[in-house]
Amino acid sequence: MTYALILALFAGLAMPLGGVFARIEHIRDARVEARLVKGVTAFGGGALLSAVALVLVPKGAETLPVQWAVPLLIGGGITFYAVDKQLAKAGGSGALLLAMLLDFLPEAMALGALLVTEAATAKLLAAMMFLQNVPEGFGAFRDLWAKGHTPAWVVLLMFVGLAGLGPLCAALGFHFLASDPETLGGIMIFAAGGILYLIFQDIAPEAYEEGTWSPALGAVAGFALGLAGDMVIG
């Protein structure tokens, strides 16, 4: 149990680490800086897409019949459409933060559940979660700080608090979901629907810049990171 909490916290602390990188990043050439930010955002989007395609949907589909899986996936997308719409009405941002949490929290639950039966796989999953959370934390920090009115230290403190949700989710997975794979699978499928909505509504448009192809290549690199991790874990 202690090991599950440590691994989940390790993976979660990559979110404030990515925020620190975004805060100290400073390139004098505004065009180069914009391309860097868009490239990192696209990399995070690719990593999120790999989480959907290689972890959340396959693992969820293993435990659920189609009549449950499809409505849960659609329900996740509709739910986060409603959340995103409310954020837009309020004039705030946070789509990247929502996407990051939709990736991190179900995987933290899976991490706790895996430690019961597959400890070696759980360690590799924690490492991949850490690597994915750094660029996702970078993009989410920029989304909240650079575009909004929230001080940098407040955003970083919030990210540290959100990292603390990882051990809580790992504890839930360890104690309850290891013996209830259907519920864990449902959570994963639902989160996958939300991530898919946010990728195509917010993250991909945010990463696009006319006349340059590097953000799209960054998305490929992010997906490749997820693929490598999935193949090593498998």
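A residue counts as buried when its relative accessible area is under 20%, and as partly exposed when the value lies between that and 50%. The model shown here is predicted.

Rolling a probe the size of a water molecule over the atoms shows where empty space is left. The largest pocket has a volume of about 600 Å³. It is lined by 30 residues, and Val55, Lys59, Ala110, Leu114 and Met188 come closest to its centre. Five helices each give at least two residues to this lining: H3 (30–63), H5 (95–117), H6 (119–145), H9 (181–207) and H10 (214–233). H3 supplies the largest share, with eight residues. By class, the lining of the largest pocket has 15 nonpolar, 10 polar and five charged residues.

Now turn to the second largest pocket. Its volume is about 250 Å³. Here 17 residues form the lining, and the closest to the centre are Ala42, Ala204, Ala207, Ala216 and Ala219. H3, H9 and H10 each contribute two or more residues to this second lining. Its classes are 12 nonpolar, four polar and one charged.

Finally, the rings. The structure holds four aromatic pairs. One of them joins Phe141 and Trp145, with 5.2 Å between the centres and 45 degrees between the planes, a tilted pair. Both sit in helix H6, four residues apart, so about one helical turn separates them. Is Phe141 buried or exposed? Phe141 has a relative accessible area of 0%, so it is buried. Trp145, at 25%, is partly exposed.

Terms used. Residues numbered from 1 in each chain as written. Predicted model: local features only at pLDDT ≥ 70, side-chain atom pairs only at ≥ 80, totals over all residues. Heavy atoms only, no water. 1 Å grid on protein atoms, 1.4 Å probe; cavity = no way out; pocket = protein on both sides within 12 Å on 5 of 7 lines; lining within 4 Å. Points joined across faces, edges and corners; volume = space filled by probe spheres on them. Nonpolar A, V, L, I, M, F, W, Y, C, P; charged D, E, K, R; others polar. Phe/Tyr/Trp six-rings, centres within 6.5 Å; stacked < 30°, edge-to-face > 60°. Buried < 20%, exposed > 50% of the residue type's maximum accessible area, 1.4 Å probe, protein only.
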